[in-house]
Amino acid sequence: MHRLRAAKEKGWHSIKAEFFDGTAEAAFVEAVRANIRHGLPLSLDDRRSAAERIIATRRDMSDRAIAECTGLSTKTVGGIRRRLNGGSSRQEVRLGRDGRRRPLSAAEGRRRAAEALTARPDAPLRQIAKAAGVSVGTAHDVRERLRRGEDPVAPRDRGEPRQPVGLPVGLREPEAPAGESALTAGERERKSRNMSARLQSLRRDPSLRFSESGRELLRWLFLQYQAKAKYPHVVENIPPHLAATVAELAIQCSEMWRSLAQELEDRAGRAD
């Protein structure tokens with residue numbers, strides 16, 4: 001609006017414009033998304049107002065998708081949705097940032113994927129994912145769980161606390177005693193020293209030091225170790241409008257490490 005008005009006041013008869021093919025509601029979402037990335041940044045009140053309008057007109061749009069286009073945190077968008085819905089944020093289906101519609105609970109989609117894999121065990125994962133209405137990553141996780149004889153529905157989708165991924169025996173940390181929900185400062189320090197000692201041991205191993213792939217693995221591990229130490233400072237300074245994007249990338253990185261851990265654990269089992 002402002003650029004158009006300025007062009008008129010300058011006496012221009014034409015301007016460069018981008019045509020958008022969609023509904024007025026969809027166009028508003030794209031306009032908000034564009035305006036938090038260039039020009040004068042929208043104020044917090046403007047972004048909250050935009051989120052309220054999007055929630056009212058696009059009720060199936062997920063909190064994360066709305067947060068990404070308005071520059072708010074997912075938690076803030078969830079709070080706005082609950083306020084507008086009288087304390088409830090329940091959705092049966094959500095529209096993600098990739099444009100795909102998914103059920104709010106992933107349990108049913110995982111069960112459909114398990115049924116499809118049971119009926120067609122050799123089918124490509126993309127076909128299974130499309131048939132079940134889940135992501136390819138979810139279909140892959142379901143297949144691996146079925147291979148291990150586990151429930152295809154992940155604990156987090158059953159409402160259970162998330163468990164740390166299993167690691168090869170030589171890299172596992174001792175389990176915390178029953179009833180101990182958090183580590184003390186001394187225990188965290190011991191864990192950190194233990195991790196540092198293991199990394200140094202790997203660094204001295206000739207089979208890793210004198211191969212390109214080994215050195216690459218060492219770089220990955222040391223970067224993770226350094227990131228762990230700097231984690232609080234970095235997280236505190238992530239801008240709110242980037243929180244959802246960084247969170248998604250962090251999840252993708254964790255999935256890569258989970259796959260690596262599982263592959264190594266399987267290899268260690270075959271060696272035994």
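C69 counts as buried because its relative accessibility is 0%; buried means under 20% relative accessible area, exposed over 50%, and partly exposed in between, with a 1.4 Å probe and protein chains only. C253, at 45% relative accessibility, counts as partly exposed. On disulfides, meaning pairs of cysteine sulfur atoms within 2.5 Å, the count comes to zero.

Some ground rules. This is a predicted model, in which local features need pLDDT of at least 70 and side-chain atom pairs count only at pLDDT 80 or more, while totals for chains, interfaces and linings use all residues. Residues are numbered from 1 along each chain as its sequence is written, and side-chain values use heavy atoms, with hydrogens and water left out.

Now the overall picture. The protein has twelve helices and two strands; helices are DSSP runs of H or I with at least four residues, strands are runs of E with at least two, and both are numbered from the N terminus. Reading from that end, the order is α-α-α-α-α-β-β-α-α-α-α-α-α-α. Of the 272 residues, 23% are buried. Taking contacts (heavy atoms within 4.5 Å) between residues at least 6 apart in sequence, 52% join residues at least 24 apart.

Next, the second largest pocket. Its volume is about 1200 Å³. Of the 27 residues that line it, M1, R3, A31, N35 and H38 are the closest to its centre. A pocket here is an open set of points on a 1 Å grid over the protein atoms alone, where a 1.4 Å probe fits, with protein on both sides within 12 Å along at least five of seven lines; lining residues have an atom within 4 Å of a point. Points are joined across faces, edges and corners, and the volume is the space filled by probe spheres set on them.

Which helices each supply at least two residues of that lining? They include α1 (2–9), α2 (24–35) and α3 (44–57). The largest share, seven residues, comes from α2. By class, the lining has 18 nonpolar, four polar and five charged residues; Ala, Val, Leu, Ile, Met, Phe, Trp, Tyr, Cys and Pro count as nonpolar, Asp, Glu, Lys and Arg as charged, and the others, Gly among them, as polar.

Last, E115. This residue lies in helix α6, residues 106–119, and counts as exposed because its relative accessibility is 57%.
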